[in-house]
Amino acid sequence: MKTDKFIYVMEFKQGATAEEALAQINEKGYADAFASDPRTLYKIGVSFSDEQRNIERWLVE
């Protein structure tokens, strides 16, 4: 997602951890395309709980 000041790269996981989601962003280089962009970049890993059917945890890098 892009705004005039920020770029958010998000990965969502169900039945996996927020750490795994964030690791995938980094391993696959999803944010690399924005390296020269002057906007502030946030990488966000989100995990959804199968039991709660809601967000379980999120991490921001």
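Start with the nonpolar surface patch: select Met1, Met10 and Phe12, which together make about 310 Å² of it. Patches here join nonpolar side chains (Val, Leu, Ile, Met, Phe, Trp, Tyr) within 5 Å and like charges within 9 Å, using residues with over 30% relative accessible area and no salt bridge. A salt bridge would be a side-chain nitrogen of Lys or Arg within 4 Å of a carboxyl oxygen of Asp or Glu. Areas come from the Shrake-Rupley method with a 1.4 Å probe, and for residues only the protein chains shown count as cover.

A word on the model before moving on. It is predicted, so local features need pLDDT of at least 70 and side-chain atom pairs pLDDT 80 or more, while totals for chains, interfaces and linings use all residues. Residues are numbered from 1 along each chain as its sequence is written, and side-chain values use heavy atoms, with hydrogens and water left out.

Now colour by pLDDT, the predictor's confidence in each residue from 0 to 100. The chain has a mean of 96, with 100% of its residues at 70 or more. Helix H1 (residues 18–28) has the highest confidence, at 98, and E3 the lowest, at a mean of 96. Helices (H or I, at least four residues) and strands (E, at least two) are DSSP runs numbered from the N terminus.

Go back to Met1, in the segment before strand E1 (6–14). Met1 is exposed, at 56% relative accessibility; the scale is buried under 20%, exposed over 50% and partly exposed in between.

Next, show the aromatic rings; the structure has four aromatic pairs. Centres must lie within 6.5 Å, and planes under 30 degrees apart are stacked, over 60 edge-to-face and the rest tilted. Select Phe6 and Tyr8: this pair is tilted, at 6.1 Å centre to centre and 40° between the planes. Phe6 is partly exposed at 28%, as is Tyr8 at 24%. Phe12 and Phe48 are also tilted, because their planes meet at 35° with centres 6.1 Å apart. That pair ties strand E1 to strand E2, parts 36 residues apart in sequence.

Strands E2 (residues 40–49) and E3 (residues 54–60) run antiparallel, joined by six bridges; two strands pair if DSSP finds at least two bridges between them. Select Ser47 and you will find Arg57 of E3 opposite. Four residues lie between the strands, and Arg53 takes a positive phi near 55° in this hairpin.

Terms used:
Buried means under 20% relative accessible area, exposed over 50%, partly exposed in between (1.4 Å probe, protein chains only). Rings of Phe, Tyr and Trp (its six-membered ring) pair if their centres lie within 6.5 Å; planes under 30 degrees apart count as stacked, over 60 as edge-to-face and the rest as tilted.
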